Amino acid sequence: MAEMTSKHKSYDMGMHTELLRGRSQQILFSAEESENFVYPGSFDVDFDKRSEIDAGEMTATAITVKIRELMGQGFGHIVVKNPLAKHSLGVGILNRLKLDFEGSLGYFGCGLIDGPNVRIHGRVGWSCAENMLAGTVVIDKNAGSCFGAAIRGGDLVCKGDVGARTGINMKGGTILVGGRTGAFSAFMMQRGRMVILGDAGMNLGDSMYDGTIFVGGKIQSLGVDAIPGEMTDVEIKWLGRKLAMYGLKAPKGVAKMQKIVAGKQLWNYDNLEPAEKKIIL
Amino acid sequence: MCGIAGIIHRGTTGDIGNELTSMLQTLRHRGPDSTGFAFYGSSTDGQYILRFKAAEQEDLKKGFGIHQEIKQRLASVEERMRELEVQIVEQQAATEYAYRYVIKYGGDLRRLADTIEDIDGVEILSIGTTLELVKDLGDARQVCESYGLSGYQGTHAIGHSRMATESDVDIRSAHPYWAYPFKDVAVVHNGQLTNYWKGRRELEHNGHRFMSNCDSELIAVYLADKIENGTTLEDAMRESLDALDGVFTYVVATSDQLGMAKDMMAAKPMVLYESENCIALASEEVAIRSIFKEEIDTFDPYEGEVRVWQK
């Protein structure tokens with residue numbers, strides 16, 4: 001990626017198609033400075049090295065410590081069996097990693113992560129992927145409330161239904177929901193994109209500052225400051241591409257989805273997502 | 001915070017003693033102050049099961065006089081029962097201060113409850129034909145062992161692990177609450193009601209009694225009031241969503257039904273597992289997983305949702 005030094009590359013990739021207003025917060029990473037963007041405590045891993053953990057009799061802390069040990073040994077693909085809906089699993093992972101959970105997670109799963117690709121073959125409880133910075137989290141079943149709270153980047157995907165306050169205070173990234181969402185989804189949304197293929201509960205986008213919501217089903221009601229927007233060709237292409245990545249389909253086609261945006265400009269934000277900044281690197 | 005849980009076996013019975021203990025022990029981190037169980041066992045054939053306490057656990061630490069006082073209270077309970085022509089079929093002391101009586105009584109339950117509770121220090125925990133309500137300080141395992149609940153067979157049960165926030169740590173303020181004066185109705189609640197005093201005053205004007213200052217008791221009494229006026233349980237629960245202000249998820253059980261309701265903000269958690277034979281619900285999925293080892297599908301009910309299941 002070192003040759004991708006021009007900011008125009010990101011325009012070519014369709015990441016800067018929205019009209020920016022006022023002060024821009026775009027900071028394009030310089031490839032020459034990439035070494036400055038390495039976390040202490042993150043690990044270089046080999047995706048061909050695979051390991052399994054049976055979490056059935058382990059505490060959440062012991063599971064987290066074990067994952068760190070394995071990453072320290074270079075394992076890039078870790079499978080956690082029998083998570084049994086324990087809380088706070090898969091948290092604080094700051095490097096690329098393929099992490100599979102064969103079962104459901106409890107509250108606060110995959111919080112504060114920056115980079116891993118997580119697959120959950122089950123359901124997640126409240127506040128999944130809270131404050132996620134980058135990477136992907138894909139959930140096969142349903143999710144609880146506060147899904148993707150304060151997410152800043154990456155793709156967070158739930159193939160089933162999610163609860164209330166989905167993407168509350170989200171500051172970037174993309175949340176994709178295969179089913180319906182509960183009340184107050186995208187509450188105080190500041191940036192990023194939320195895609196709901198099913199119905200959205202009451203007060204969608206209440207008090208949102210910025211960001212974009214796409215809904216495939218019915219919207220029970222819009223919250224204060226949320227208004228319908230006009231879908232652009234770029235967004236239709238983006239939606240098609242994003243949904244295809246995760247094997248999702250809009251029930252009536254992406255062109256017929258409703259777009260919801262903030263009706264009042266409170267701050268100047270753009271929609272460049274941290275995950276996509278990293279792709280530019 | 002508090003943790004609530006419930007389970008109902010459809011068309012059969014199960015080991016609800018161990019099942020609910022396991023669920024509530026898993027929820028211990030949500031509230032270690034007290035734990036309560038409302039079990040629905042087999043029908044007692046026209047007899048009532050009366051659960052009451054003659055003192056608080058804390059009272060036992062206040063001096064030797066309390067032991068004699070409890071005996072006097074117990075004697076008064078039995079004397080008043082005789083006055084009301086209550087026939088005591090069976091009596092057990094679960095602890096020094098908590099009792100289980102099987103009785104035969106053909107009169108008005110409100111009169112029975114009021115007459116017994118008129119004795120200072122005595123509180124009825126439940127009256128039912130199938131309901132048995134047990135609550136005490138400590139976690140689920142401690143209460144289960146103290147009261148010998150392991151292996152209790154029944155059709156359904158609800159329970160609560162309490163973190164005391166706005167009322168005392170005592171049995172009086174522990175959940176579940178019996179919906180005085182109705183047999184077999186019990187409620188557990190997680191949340192906070194902001195119109196408690198207003199609602200309590202209204203219900204007291206209607207002749208209902210409150211034993212604690214815990215806001216959760218309002219739900220039980222509110223539902224009792226509605227049922228008394230001919231409203232079905234499910235309709236009463238739906239009406240409660242507007243009548244009760246605040247954030248709440250509550251679970252209610254009757255002799256043949258188990259229901260849950262969630263406020264319009266969906267601010268308090270609830271996870272459901274539903275199959276043809278069994279429904280389990282809890283504040284956290286980990287509690288449900290503690291009794292189902294196989295992979296199961298679970299989901300969260302939505303805001304303003306009311307569900308009622310038949311046993």
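Which residue is the bridge partner of Tyr177(B) in β10(B)? The partner is Val187(B). This is a predicted model, in which local features need pLDDT of at least 70 and side-chain atom pairs count only at pLDDT 80 or more, while totals for chains, interfaces and linings use all residues. Residues are numbered from 1 along each chain as its sequence is written, and chains are lettered from A and ligands numbered from 1 in the order in which they are written.

**View 1. The open sheet of chain B.** Five strands pair antiparallel in the order β9-β10-β11-β12-β15. Strands are DSSP runs of E with at least two residues, helices are runs of H or I with at least four, and both are numbered from the N terminus; two strands pair if DSSP finds at least two bridges between them. β9 (177–178) and β15 (306–310) of chain B are the edge strands, each with a single partner, so one side of each lacks a neighbour in the sheet. Two bridges link β9(B) to β10 (residues 186–193) of chain B.

**View 2. Helices α1 and α4 of chain B.** The axes of α1 (residues 16–26) and α4 (residues 140–147) of chain B come within 8 Å and cross at roughly 150°. Axes are lines fitted to C-alpha atoms, for helices over the stretch in contact, with angles from 0 to 180 degrees between N-to-C directions. α1(B) is therefore roughly antiparallel to α4(B) (an angle over 145 degrees). Gly17(B), Thr21(B), Leu24(B) and Gln25(B) of α1(B) meet Ala140(B), Arg141(B) and Cys144(B) of α4(B).

**View 3. The contact of chains A and B.** Chain A gives 21 residues and chain B gives 14, with contact meaning C-beta atoms, placed from the backbone, within 7 Å.

Notes:
Parallel < 35°, antiparallel > 145°, perpendicular 65-115°, else oblique. Contact = placed C-beta atoms within 7 Å.
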